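Below are some points on this structure for a colleague who is meeting it here.

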Amino acid sequence: MEPGQKIQTADIPATPSPNPQDIDEKNYEVIDVTFPEGGLQAWLTVMGGWMIVFCTFGAIQSFGVYQDYYTRISLSDQSPSHISWIGSVQIFFLFSGGIISGKLFDDGWFKGLLLSGSLIYLVSSFLLSLAQPHHYYQNFLAQGVGMGIGMGIIFLPTLSVTAHYFKRKRGLVMGIILSGSSVGAVVYPIMINHLFNGSSGFAWGVRAVSFLDLGLLVFANLIMKTRLPPRNKDPNAKPVNTRAILTDTPFWIALFGILLAFWGLFVPFFYIQTFAVTHNLPGFLQTYALSILNAAGFFGRTLPMFISDIYGPLNVIIPITLISGCLVFAFLGATNVGGMLAFAILYGFFSGGFVSLSAPTAASFSKDIGEVGTRLGLMTFVSSFGLLTGNPISGAILHPPEYIWIRPVVFSAVTVLGGVFFLLIARQIQAKRRNTQRL
């Protein structure tokens, strides 16, 4: 983009600009904003964001290892449903924290959020290493509540800050940052499985992970910076029209669709290792099935984002979510080596695509760049309730020790496919409103 070029702020992020005659002047503003689309500081900020997502979302997607370890060893007196509450509360705080951190980010508190969230996360992580076997509340408070709150403070600002540097490449850059979660979700399960089941044990295994997180988070805090002034310090900035956001019908229909999809999406992530163990699959699959699933998610978080920069995130997330919902049924057939490998690779790719596309999909409804943090915060807050309850529900209807796998599989598939239905409705309304099919 050339300096001084005017952009349509209805087009956020990375969706084709509508023709000027198609813009509703009452709702859409035209302002002068330039984006460097690169540069040293821009890519350093992307690198720092990648590291933060590696430590946060990557750690959450590795909870299946903790779920299996707690179920069989350190919390064997608790049901899988009770244990899954630890991971569900953690991911709930990661997403729900966005409703507060998104607003604070818009008000210019990026550095304060990054530092305080990192401290809370790291202190809680080291406290987890002190948790004693069969003391459920210790694991719940340190891992679920403490680490979750720390994640929630830093996760959304990490995604939102890319809007300061990129417009045309925003979807791809956000995908690059979110790919950190896939890499983390490959590294952590391998690392944790070997440490927990080796000479290190649980305590020093958790400490090793904590020291890794410490190094990455310190470096990220040093290199990440914002570029644009916060709204409350910009004399030309208009206040966010909260009423318009709260009455934006297609936006809320899309959020409900994203909520439904997230409700069932992570069931295979939480239970794939337990599934492999209970079906007596080879040892390497019991150890690496979750890592394989997450490795495939690396490509799912980048390739669909590149396509979304061309066709629009809403157009891409719908088929990605549809395929993910259908693939959940294939989980029942993953009872041999070939079936498990095929399921892990395919589901990892398409579910990873949904996770990455949910943020730019929500942000694409923005009418001004200053709304991005608020809309992302609402999306993560609404989705957090599905993430909080989905996995415990699946753990309860799994009914161990019988392990009736068809119940959580059907629950997961139906909720994900239900999300597709509402995303389609939102797309139709938005296409009519903007008079374009590229959304």
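**Notes on the model**

1. Asp68 counts as buried, at 3% relative accessibility, where buried means under 20% relative accessible area, exposed means over 50%, and partly exposed lies in between (1.4 Å probe, protein chains only). This is a predicted model, in which local features need pLDDT of at least 70 and side-chain atom pairs count only at pLDDT 80 or more, while totals for chains, interfaces and linings use all residues. Residues are numbered from 1 along each chain as its sequence is written, and side-chain values use heavy atoms, with hydrogens and water left out.

2. Asp68 forms a salt bridge with Arg72, with 3.0 Å between the closest N and O atoms; the term stands for a side-chain nitrogen of Lys or Arg within 4 Å of a carboxyl oxygen of Asp or Glu. The two residues are four apart in helix α3 and are therefore separated by about one helical turn, helices being DSSP runs (H or I, at least four residues) numbered from the N terminus, as are strands (E, at least two).

3. Helix α3, which spans residues 63-74, is mostly covered, since 10 of its 12 residues are buried. Among them are Phe63, Tyr66, Tyr69 and Tyr70, as well as Asp68.

4. How many salt bridges does the structure hold? There are three, and one of them joins Asp248 to Arg375, with the closest N and O atoms 3.1 Å apart. Asp248 lies in the loop between α10 and α11 and Arg375 in helix α17, so this pair ties together parts that are 127 residues apart in sequence. Both Asp248 and Arg375 are buried.

5. Asp248 also forms a salt bridge with Arg433, the closest N and O atoms being 3.0 Å apart. This pair links distant parts of the chain, 185 residues apart, as Arg433 belongs to helix α18 (residues 406-434). Through shared partners, the salt bridges join Asp248, Arg375 and Arg433 into one network. Arg433 is partly exposed, with a relative accessible area of 35%.

6. Arg375 has a further contact, as it lies over the face of Phe251, at 4.6 Å from the ring centre; a charge sits over a ring if NZ of Lys or CZ of Arg is within 6 Å of the ring centre and within 35 degrees of the ring normal. Phe251 is buried, at 0% relative accessibility.

7. The count of aromatic pairs comes to 41, where rings of Phe, Tyr and Trp (its six-membered ring) pair if their centres lie within 6.5 Å, and planes under 30 degrees apart count as stacked, over 60 as edge-to-face and the rest as tilted. Phe95 and Phe262 have ring centres 5.3 Å apart and planes at 70°, so the pair is edge-to-face. Phe95 lies in helix α4 (residues 80-96) and Phe262 in helix α11 (residues 249-265), so the pair ties together parts that are 167 residues apart in sequence. Phe95 is buried at 3% relative accessible area, and Phe262 is buried at 1%.

8. Finally, a search of the whole structure finds zero disulfides, a disulfide being a pair of cysteine sulfur atoms within 2.5 Å. As for individual cysteines, Cys55 is buried at 0% relative accessibility, whereas Cys326 is partly exposed at 44%.
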